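Trainee: Could you take me through the surroundings of the ligand in this model? I would like a close look at that one part.

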Amino acid sequence: MFTQTNLGGSFTLPNTSITLNRMGYGAMQLAGPGVWGPPLDVDAAIAVLREAVVLGVNHIDTSDFYGPHITNQIIRRALHPYPEDLMIVTKVGARRPEDGSWVPAMSRQELTDAVHDNLCHLGLDALDVVNLRMMGMPNGHGTAEGSLAEPLTTLAELKEQGLIRHLGLSNVTPTQLAEAQTITEIVCVQNQYNVAHREDDAFIDDLAQQGIAYVPFFPLGGFTPLQSSTLSTVAASVSATPMQVALAWLLQRSPNILLISGTSSVDHLRENVRAASLQLPPQVVAELNTITASSEP
Ligand SMILES: NC(=O)c1ccc[n+]([C@@H]2O[C@H](COP(=O)([O-])OP(=O)(O)OC[C@H]3O[C@@H](n4cnc5c(N)ncnc54)[C@H](OP(=O)(O)O)[C@@H]3O)[C@@H](O)[C@H]2O)c1
């Protein structure tokens, strides 16, 4: 059942005065195909960003390695000077060679350059939140253990210098979070998670107890959008689309989950934002909980 739009309620980042609507927007889809180069239609990308803000989104996720640089430049063109309550979260830790691949960029110089590039392309004096993106498994999306002390210390120093306000982590394990918390405060974790990909269930609960935001990337399945007969059947039963149900399930999964679903389409954006007001009854949630990556591709 759809209720009045409320953008999914709000969440305040720990020890900050930053309160975000739980329905945000992820800007990666605004670059060209393969997250490389400019989009086919820059005006359409600008329209998506402006509509997000009109709808009440005040959390936009980006990175200077989308494009590279392109997505941040489009955000600046669309929204600068930024609304006072808009928080732009970026991430560093990778670079894009000419072949379009994603490779780690974790040296002191690379991280420092990445922070300055984000500041320059977004047109900001300080970045609200920077996520240190660990490269993890060879496909780039799975986590892998390993110390993050060296790169995080560099970012903590840039925070001390006032270039970064808050730090988060991306593609990390609970062990890596614990190590990070001995170095600096962490306000959010951004890992892969959705109704069919639930490796982080226990991690999410632990972060909720600590008051730390959990921001799932690929909430709709990312490059291979979610497809599940259960999802489709449930969606029809509540008069919503499968994507709306997938987003509503995330919002109901835990109060510390903040959504950054991505789209290059104003129509999909409106559809997704509307999911913030979709209340799923308990029996529907129970049915959705039976979906797993192994049982339904
Ligand atoms: N930390 C990390 O390592 C990491 C990795 C990946 C992404 N991210 C962030 O997470 C954000 C979200 O991830 P994502 O954009 O890759 O994946 P996503 O939100 O799971 O899905 C995006 C895909 O779903 C489609 N879509 C969106 N809404 C739809 C709708 N209502 N109906 C049908 N299709 C719909 C989009 O196509 P259309 O454009 O046609 O709508 C696009 O192909 C990114 O924008 C990025 O900011 C972070």
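Mentor: The chain folds into 10 helices and 11 strands, where helices (H or I, at least four residues) and strands (E, at least two) are DSSP runs numbered from the N terminus. Its radius of gyration is 18 Å, close to the 19 Å that the globule rule gives for 297 residues, so the chain is as compact as a globular protein of that length; the radius is taken over C-alpha atoms, and the rule is 2.2 Å times the number of residues to the power 0.38. Please keep in mind that this is a predicted model, in which local features need pLDDT of at least 70 and side-chain atom pairs count only at pLDDT 80 or more, while totals for chains, interfaces and linings use all residues. Residues are numbered from 1 along each chain as its sequence is written, and side-chain values use heavy atoms, with hydrogens and water left out.

Now to the ligand. The ligand sits in the largest pocket. On a 1 Å grid over the protein atoms alone, a pocket is an open set of points where a 1.4 Å probe fits, with protein on both sides within 12 Å along at least five of seven lines; a molecule sits in it if more than half of its atoms lie within 2 Å of its grid points.

Around the ligand there are 25 residues, and the closest are Asp61, Leu220, Thr263, Ser264 and His268; to belong here, a residue needs a heavy atom within 4 Å of the ligand. By class, this shell has 9 nonpolar, 12 polar and 4 charged residues (Ala, Val, Leu, Ile, Met, Phe, Trp, Tyr, Cys and Pro count as nonpolar, Asp, Glu, Lys and Arg as charged, and the others, Gly among them, as polar). Helix H9, residues 266-274, gives the most to the shell, with 3 residues.

Next come the polar contacts, which are pairs of N or O atoms within 3.5 Å. A ligand oxygen lies 2.6 Å from a side-chain N or O atom of histidine 268. A ligand nitrogen is 3.5 Å from an N or O atom in the side chain of tyrosine 66, and an oxygen of the ligand is 3.5 Å from a polar backbone atom of alanine 27. The protein covers 88% of the 890 Å² of accessible area that the ligand has on its own, by the Shrake-Rupley method with a 1.4 Å probe.

Key:
A polar contact is a pair of N or O atoms within 3.5 Å; within protein, one must be able to donate a hydrogen and the other to accept it, and residues adjacent in sequence count only if both atoms are side-chain atoms. On a 1 Å grid over the protein atoms alone, a cavity is a set of points where a 1.4 Å probe fits but cannot get out, and a pocket is an open set with protein on both sides within 12 Å along at least five of seven lines; lining residues have an atom within 4 Å of a point.
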